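Here is a short report for a first look at this structure. Keep the sequence and the 3D view at hand while reading.

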Amino acid sequence: MPEQAVLQDGGALWKVGTDSLRALQAGLASLFLLFTALATFGPWFQIAVAHVLTAGSIVVGLAGLRWAHRASHSAIRRPGEAGRGFATVGWLTSFLGIVISGVLNGAVLYVLQPVGLLVALVALLMFIAFHEGARAREAFFLGRFDRRDRTSTCASCGRRALVDAGGWGRIGWMCARCSRSRRTGASRKALRGLLILSAASVALLIPAVPAQAFCEILEPPTDLPTEVKGTQIEIRLTEGFARVVIIKEFFNPSDRVKEGQIFFPLEKGHELITDLSLKIGNVVYAGSGQDRQGALDDFLDSLANGKDAALVQYDPPRDVYWLAVTIPPGESRTTITTLEMPLTMRDEAYTYDYRLSVDAGHSREYLRLHLRVETSAPMGELRIPTHPAVEIKHTGTRIADAWINGTEASLRRDLRVQFRSSGSSIGQFATTAVVHNATVRERYLRFSLDAGDPAFADSLSPLPRSFIVLLDASGSMGLRGRWDLARNAVFGLGGGLRAGEGFAVAAFHGNTVVPFAPGLQEWDASTATRLATFLNSVEPRGSTSLTVALPIAAQWGRAAEARGQQPVLFLISDGRPTVNTVPIDIETAYRERSYQGDMPVFALAIEPAIHADENLLRNVSHFNHGDLITVHPGAVDVGVLAALSLIRVPVLVGVGANFPGAENLAVASHNPQDVPQGGESVVIAKLTGTTDDPVTVELTWTAPDNSPRVFTRTYAGPEIPVQPLLKKTWVLTRVHALLEEIASTGDKATIAELTSLATANRIVTPYTSILVTIPTTPPPGTPSVGSSDPFGLDLDLFGGGTLQGPGATGPGSGSTLLSSGRTSRTFDTPLDEQARETQRFWDDVNNPLLAEHELDRLVREGSPEQRAIEARVPVLRSQGQSLSVFEVDGELVGVYGRRLDPGSAGTLVLWNGAWGMAAVIAMLSFLKVPAMARTRPPRKR
């Protein structure tokens, strides 16, 4: 910027110094950046932008101080120069911008650290030392300056000359001849600037005290995740039974003992854990069955007494089965877990699914699977649709084997096996048992007859259906086009009904259930019209309770049963409950309703947001004789057709099974039974006898014309194939039947029978466990007993490396450690606090319950409504800075504070507007400074 000049009285020239103008403009620019940063405070605050603005304010302010300092020297060395007021204002504004910006972003706090103060003190002393000589030279110049002729004495040659013709150097003011060497000054300034920059860089690299706070250790060297070195799976299937043996080798690469946890999310009515062994080296230690609490106590005692141990038991809060095993440092432990389940026929084939994808993802060195299917009758068909390339090797007409070796061959997908046998199937197994000190011969029999057998040909009559549709009308269903998909799905289901079948719809949100009609309706054109009007009148809003409409569904189910129809429950939802959210409670409620009303449950997941939402709907349906269908835009018709095709209604009702002449007959499951489409009539019984005794099987039912039907077949003992797994089949079927009865009634006598049966047969249930103990010397560093994990142990989970229990808090489950327990920050800056305030504000605004319109009501903090809520002892569901969500009487109520109050928006606008106006004024002043210099009146002498 050129120097600004105007004429004085008498024609003499006066000047406003360039450094003075620059100092003032730098100070105004520093304030502009500071005010802009303050104007960003509020909901739209961005900490990165604020850091850039405040850092820029500090840098420009430092430049302003530098120019103000130069202007103070220039005013002495050029006596005719004007603009000292500009330099003073520039110094003050620059200093203000530096201090306030430094407080906001924490730069001042770093300077106030001991190392920062030391550097500042050294710099101040150097500044004073350098300027003592400059002040002396300026005093020499002023002492010899003549204001009348504007001459002074040259510091180099001592001659007097015009001041305007000379210039300043290192030794003071010099005449024109002596000041020719000034050209080298630029290089000296550059060198001096480089030196200052280097010193500043070194100072910035010095860590603030205490330095230990910056030594962040992400993971201790010993905290290595446990590895699954390999997995072997042995699957053996036969009619009505599946046995799976899972052998996993775990390795502990760390230098401390681990108590690892594995979890099994077993499907209800399917697999049960029936054995646990632990292999150490070449020795296999078998487990023993106990009641749940006794096994847990013995497990804790074993660890406290220095023994290795393994325990598998049910964890009710998480609805999973846990396996805990101790693994010493640098050693391997191999767990051998047996899962068994009864198989039922569906669509004329037995189907078994195994989660092979989990093993493929976790096993590091090897993965081997052997499948054997062995039927008592000739095998009709065996398919592995998920792995069509796997070779199936048949041995005779009743045995087939297949192998999968390696992760690539597994295709990283789950395994599905489908098989069937031709004709009726019967098998037997005989053993001895001691009952009341007497040895008795026990014989187990299984007989099944397909629904498509000619014996049933004239009696098959599919039961009419009644579709009971529960439609989620909560706030989240109004987003992403879900409501239109759900309405189309309801019409699609209605259109799939046949003449004489029933239909009922209820929309629910919060604790409100709105039925389409008070009872079951038949589907016709008028019903469709009235249903369209009903659905158009429903506005999605409020919270989601997936169980609130179950009572009316039960009522309609009983009405359908009274009309001789099969009730089929359809739950249409996006799957995220926001009221009564515990998954196991939701699943239990649907299981009880399905069991009591003999009502299958199907779920239509409408654009679920996350996998957990879809998984909950899968559990609600898949575990209750139904299935899950996920509905996406453009595929509603496909989803509805898939749901309709999966419905299997009974074609034979009340089929009874008996073994005439049998002694001490005990049937494993309920009798009589309903035979579904594509299924089978099956009976598994225990009686007294041997494999040589003849057997008579009798099935009875009622034909559609109400006439009785009887199917009788007699087998000679030696012609019945022996099935060694039949005893376990009877036990498992009986255990499942008792579990269903307990879930429905909670009868203590039934619980006692289940506990006794499961303990004797080493089956893990919610009431029994399996424990393995091995005497050892406790390795160094064994953690003590007593913490907050599911087994009361300080367990080091298989974090990040293998299977991770639901109790784990994140990948690795290993804690992130910091030196001396400190965090890496020694202080919080106002910008950090504002960033947290902003984040908390948006967390409140973006609270899923608020964003998805799941709240039934909103009340102001401190209002009478809030006091009424507190008096009713609500359940806190979400706690934010300005928004708290409570569950009150089946509704979600949001209590909002000042930050979310629409009335507080004016204060925020005033804040942002005031600082924004200040920034505008600073910028306008910045632009006005050169004009002010040109029009400034002359300073009187």
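The sections below cover a strand and its partners, a charged patch and some salt bridges.

## The model

This is a predicted model. Keep that in mind for each value that follows.

Strand β24 covers residues 415-421. Five of its seven residues are buried, so the strand is largely enclosed by the rest of the structure.

Strand β19, residues 349-354, pairs with β24 in the antiparallel sense. Five bridges link β19 and β24. Aspartate 353 stands opposite arginine 416 of β24. Strand β21, residues 379-383, also runs antiparallel to β24, and four bridges join these two. Here leucine 382 has phenylalanine 419 of β24 as its bridge partner.

## A patch of negative charge

Four aspartates gather on the surface in a negative patch: Asp291, Asp297, Asp298 and Asp301. Helix α7, residues 292-304, gives the most to this patch, with three residues.

Aspartate 291 belongs to strand β14, which spans residues 288-291. Its relative accessible area is 40%, so aspartate 291 counts as partly exposed.

## Salt bridges

Side chains of opposite charge can pair when their charged atoms come close. A search of the whole structure finds 25 salt bridges.

One of them joins glutamate 331 to arginine 333, with 3.2 Å from N to O. Glutamate 331 is partly exposed at 35% relative accessibility. Arginine 333 is buried, at 3%.

## A pair in helix α10

Aspartate 484 and arginine 487 form another salt bridge, and their closest N and O atoms are 2.5 Å apart. Both residues lie in helix α10, residues 482-495. They sit three residues apart, about one turn of the helix.

Glutamate 833 and arginine 836 meet in a salt bridge of 2.8 Å, N to O. They are three residues apart in helix α18, residues 830-845, so about one helical turn separates them. Glutamate 833 is partly exposed at 32% relative accessibility. Arginine 836 is partly exposed too, with a relative accessible area of 32%.

This pair is part of a network of salt bridges that links Glu833, Arg836, Glu837 and Arg840.

Conventions
Residues are numbered from 1 along each chain as its sequence is written. This is a predicted model: local features need pLDDT of at least 70, side-chain atom pairs count only at pLDDT 80 or more; totals for chains, interfaces and linings use all residues. Side-chain values use heavy atoms; hydrogens and water are left out. Buried means under 20% relative accessible area, exposed over 50%, partly exposed in between (1.4 Å probe, protein chains only). Two strands pair if DSSP finds at least two bridges between them. Patches are made of residues with over 30% relative accessible area and no salt bridge: like charges are joined within 9 Å, nonpolar side chains (Val, Leu, Ile, Met, Phe, Trp, Tyr) within 5 Å. Accessible areas come from the Shrake-Rupley method with a 1.4 Å probe; for residues, only the protein chains shown count as cover. A salt bridge is a side-chain nitrogen of Lys or Arg within 4 Å of a carboxyl oxygen of Asp or Glu. Lys and Arg count as positive and Asp and Glu as negative; His and the chain ends are not counted. The place of a charge is taken as NZ of Lys, CZ of Arg, CG of Asp or CD of Glu.
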